[in-house]
Amino acid sequence: MTAPLLALDQVSVRYASRRSAAVEGVTLSIDAGRTLGIVGESGCGKSTLAKAVMGLAPVSAGSLHYLGQDITRMTPRRRLQAGIGMQIVFQDPQSSLDPRMRVRDLITEPLLIAGRPSAGVAETLADQVGLPSDALGSRPHEFSGGQRQRIAIARALAASPQLLVLDEPTSALDLSVQAQILNLLLDLQREHGFGYLFISHDMAVVRHLADDVAVMYRGQIVEQGAASEVLDAPRHVYSQELMRSAMSGQAAPAVESLT
Ligand SMILES: Nc1ncnc2c1ncn2[C@@H]1O[C@H](COP(=O)(O)OP(=O)(O)O)[C@@H](O)[C@H]1O
Ligand SMILES: [Mg+2]
C-alpha cells in the first residue's frame, strides 16, 4: 500500500497564551483525489489545524507525514524548497494577499522561494483559474472578492501542490460567486487529482464536496468517516447537534447552482 498524501498522528497544538490545547490528538489522513471535510463551530480549532498542517502553528505533540516523509518540524520555506507539494487557501484573500504586490508576483512568489523558474507560469495559472491575462499587472485591491480568491488559488497552484488546504475558501463570498469558486476547485481536483483538506462551517457545501468528514469539537475530532454516514447518521451527540442546527439554520446556499 502506498503512503497517504497526508497523515496526521495524534497532533496537538498549544498556544502559549492559552491554557488548553487548541488542537488535541488529531489523527487523520487524506489520499490523492479525495476531499476530507472538517466541520465544527467557530473556535473549535479548524484554522489552527489547517495551520498546523502547513507548518504555521506550533505542533506540541504528534507527527505529520507527507507521502511518508516526516514534515512535523519542517518550516513552510523548507517544505517549499524540498518540493513538499502542499499549499493553503485562506478564507479572506483580502488579508492573505500582500496589497503592495502585483498579481504576477503574488502568483510566482512560491516559485521564487523554491528557487524554481517562473517564466510563463503566471499566464498559464491565470488561465487555469479563469483570470484574464491582463490581470497580471494589477494589484489585489483592484479585484472583486471572487477574483481575489482566484488569485489566491493560482498562487497555491504555482508550487505544483498535490494537497490543498482550503480554510473556508468561499465563506466571505456572495452565494453565486461561492458556487463559481467551488466549481473551480472541483474542476481542478478532477483534472489534477489533488487531495483537499476542506474546512467549512457550511454543511451543504461540505456535503457537496467531501468524500469523508471529520467533526471537530473543542480541538478534538469527535467523529470521522464517510461523508454520507457522518452527515446523515451522525453518532456523536455533538455531531447530531451540529447537523440539527445546520438543517434548521439558513437555507442551503450555492449548492443548487453547483454543477
Ligand atoms: N495565534 C493564536 N494564539 C492564541 N490562541 C489562538 C491563536 N489562534 C487561535 N487561537 C485560539 O484557539 C482556538 C481555536 O481557534 P481557531 O483554530 O481559529 O478556530 P476555528 O477556525 O475553528 O474558528 C480559539 O480559542 C482561538 O481563540
Ligand atoms: Mg477558522
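Reply: Let us begin with a pair of strands. Helices (H or I, at least four residues) and strands (E, at least two) are DSSP runs, numbered from the N terminus, and two strands pair if DSSP finds at least two bridges between them. Here strand E1 (residues 6-13) and strand E4 (residues 59-66) run antiparallel and are joined by six bridges. One such bridge links Leu8 to Leu64 in E4. The model is a predicted one, in which local features need pLDDT of at least 70 and side-chain atom pairs count only at pLDDT 80 or more, while totals for chains, interfaces and linings use all residues. Residues are numbered from 1 along each chain as its sequence is written, and chains are lettered from A and ligands numbered from 1 in the order in which they are written.

Me: Which strand does E4 pair with over two bridges?

Reply: That partner is strand E5 (residues 69-70), in the antiparallel sense. Tyr66 has Gln69 of E5 as its bridge partner. Two residues lie between the strands of this hairpin, and Leu67 takes a positive phi near 45 degrees there.

Me: In what order do the strands of this open sheet follow one another?

Reply: The order is E2-E1-E4-E5, four strands with antiparallel pairing. Strand E2 (23-30) and E5 are the edges, each pairing on one side only. As a general idea, side chains in a regular strand alternate between the two faces of the sheet.

Me: How many strands form the open sheet with mixed pairing?

Reply: Six strands form it, in the order E6-E7-E8-E3-E9-E10. Its edge strands are strand E6 (86-89) and strand E10 (220-226), each of which pairs on one side only. Axes are lines fitted to C-alpha atoms, for helices over the stretch in contact, and angles run from 0 to 180 degrees between N-to-C directions. With direction ignored, neighbouring strands of this sheet are turned by 15 degrees against each other on average. At one end of the order, strand E9 (residues 212-217) and E10 pair in the antiparallel sense over six bridges, and Asp212 has Ala226 in E10 as its bridge partner.

Me: Which strands does H6 lie across?

Reply: Helix H6 lies across E6 and strand E7 (163-167), and runs at about 170 degrees to E6.

Me: Is Leu166 buried or exposed?

Reply: A residue is buried if 20 or more other C-beta atoms lie within 10 Å of its own, exposed if 12 or fewer, and partly exposed in between, with C-beta atoms placed from the backbone. Leu166, found in strand E7, counts as buried because it has 27 C-beta neighbours inside 10 Å. Two residues are in contact if their C-beta atoms, placed from the backbone, lie within 7 Å. Leaving aside neighbours within four places in sequence, Leu166 is in contact with Val89, Leu185, Tyr196, Leu197, Phe198 and Ile199. The C-alpha atoms of Leu166 and Tyr196 are separated by 7.0 Å, although these residues are 30 apart along the chain.

Me: How are the buried residues of a helix read, and which are they in H5?

Reply: One lists them and then looks at their arc, that of the directions from the helix axis to the C-beta atoms. In helix H5 (residues 121-128) the buried residues are Ala122, Leu125 and Ala126. Their arc around the axis is only 105 degrees, so they are on the same side of H5. Their cover includes helix H4 (103-114) and helix H6 (145-158). Just after H5, Gly130 takes a positive phi of about 80 degrees.

Me: Where does Glu168 lie, and what is its phi?

Reply: Glu168 lies in the loop between E7 and helix H7 (175-192). Its phi is near 50 degrees, a positive value in a residue other than glycine. Glu168 counts as partly exposed because it has 19 C-beta neighbours inside 10 Å.

Me: Which residues are around ligand 1?

Reply: A residue is near a molecule or strand if its C-beta atom, placed from the backbone, lies within 6 Å of it. Around ligand 1 are Tyr15, Ser17, Arg18, Ala22, Gly40, Ser42, Gly43, Cys44, Gly45, Lys46, Ser47 and Thr48. Ala, Val, Leu, Ile, Met, Phe, Trp, Tyr, Cys and Pro count as nonpolar, Asp, Glu, Lys and Arg as charged, and the others, Gly among them, as polar. This shell divides into three nonpolar, seven polar and two charged residues.
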